[in-house]
Amino acid sequence: MIDYLGETDDVRPYVRDASVVVLPSYREGMPRSVLEAMSMGRAIITTDVPGCRETVIDKKNGFLITVKNVDELVIAMENFISSNNLASTMGKVSREIVESKFDVRLINNEIIKVMKL
């Protein structure tokens, strides 16, 4: 069942209430929605496309699926349904990844270094 919740200015309550965030994108830049979910300790299901694949380590903090492959999406979702602790375990890894790789201070320092400022 899907509950369409409408438009919101603050996704945090919805992400907090979710176990897993799913973004079956055809093409992305760096998906802010996935980074936000990771920062809140959520497991991720997303597609193996540029941008998305930089956020998920397959089978560590979520699952990377082939674009337009509904069967893979179903299997990934079923993995979370059938394993009680999988979403929680992968969510913790998501938080670790976002802290170590996507923290704005780290990114800003890298930009300053590259620009030799």
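This is a predicted model: local features need pLDDT of at least 70, side-chain atom pairs count only at pLDDT 80 or more; totals for chains, interfaces and linings use all residues.
Me: Let's start with the rings. How many aromatic pairs are there?

Reply: Look for two ring centres within 6.5 Å of each other. Here the count is one aromatic pair. F63 and F80 form it, edge-to-face. Their centres are 5.3 Å apart, with 70° between the planes.

Me: Which parts does the pair of F63 and F80 tie together?

Reply: F63 is in strand β3, residues 62-65, and F80 is in helix α3, residues 70-82. The pair therefore links parts that lie 17 residues apart in sequence.

Me: Are F63 and F80 buried or exposed?

Reply: Both F63 and F80 are buried.

Me: Which residue lies over the face of Y26?

Reply: That is K68, at 5.0 Å from the ring centre of Y26.

Me: Which element gives the most to the lining of the largest pocket?

Reply: Strand β1 does, with four residues. α1 (12-17), β1 (20-23) and α2 (32-39) each supply at least two. By class, the lining has eleven nonpolar, two polar and one charged residues.

Me: What is the volume of the second largest pocket?

Reply: About 260 Å³. Its lining includes L35, E36, R95, F102 and I107. Helices α2, α4 (86-101) and α5 (104-115) each supply at least two lining residues. This lining divides into five nonpolar, one polar and five charged residues.

Me: On to charges. How many salt bridges does the structure hold?

Reply: Eight. Take E36, one of the residues lining the second largest pocket. Its side chain meets that of R32 in a salt bridge, 3.2 Å from N to O. Both lie in helix α2, four residues apart, about one turn of the helix.

Me: Why does R32 count as exposed?

Reply: Exposed means over 50% relative accessible area. R32 has 64%, so it counts as exposed. E36 has 32%, so E36 counts as partly exposed.

Notes. Residues are numbered from 1 along each chain as its sequence is written. Side-chain values use heavy atoms; hydrogens and water are left out. Rings of Phe, Tyr and Trp (its six-membered ring) pair if their centres lie within 6.5 Å; planes under 30 degrees apart count as stacked, over 60 as edge-to-face and the rest as tilted. Buried means under 20% relative accessible area, exposed over 50%, partly exposed in between (1.4 Å probe, protein chains only). A charge sits over a ring if NZ of Lys or CZ of Arg is within 6 Å of the ring centre and within 35 degrees of the ring normal. Ala, Val, Leu, Ile, Met, Phe, Trp, Tyr, Cys and Pro count as nonpolar, Asp, Glu, Lys and Arg as charged, and the others, Gly among them, as polar. On a 1 Å grid over the protein atoms alone, a cavity is a set of points where a 1.4 Å probe fits but cannot get out, and a pocket is an open set with protein on both sides within 12 Å along at least five of seven lines; lining residues have an atom within 4 Å of a point. Grid points are joined across faces, edges and corners, and a volume is the space filled by probe spheres set on the points. A salt bridge is a side-chain nitrogen of Lys or Arg within 4 Å of a carboxyl oxygen of Asp or Glu.
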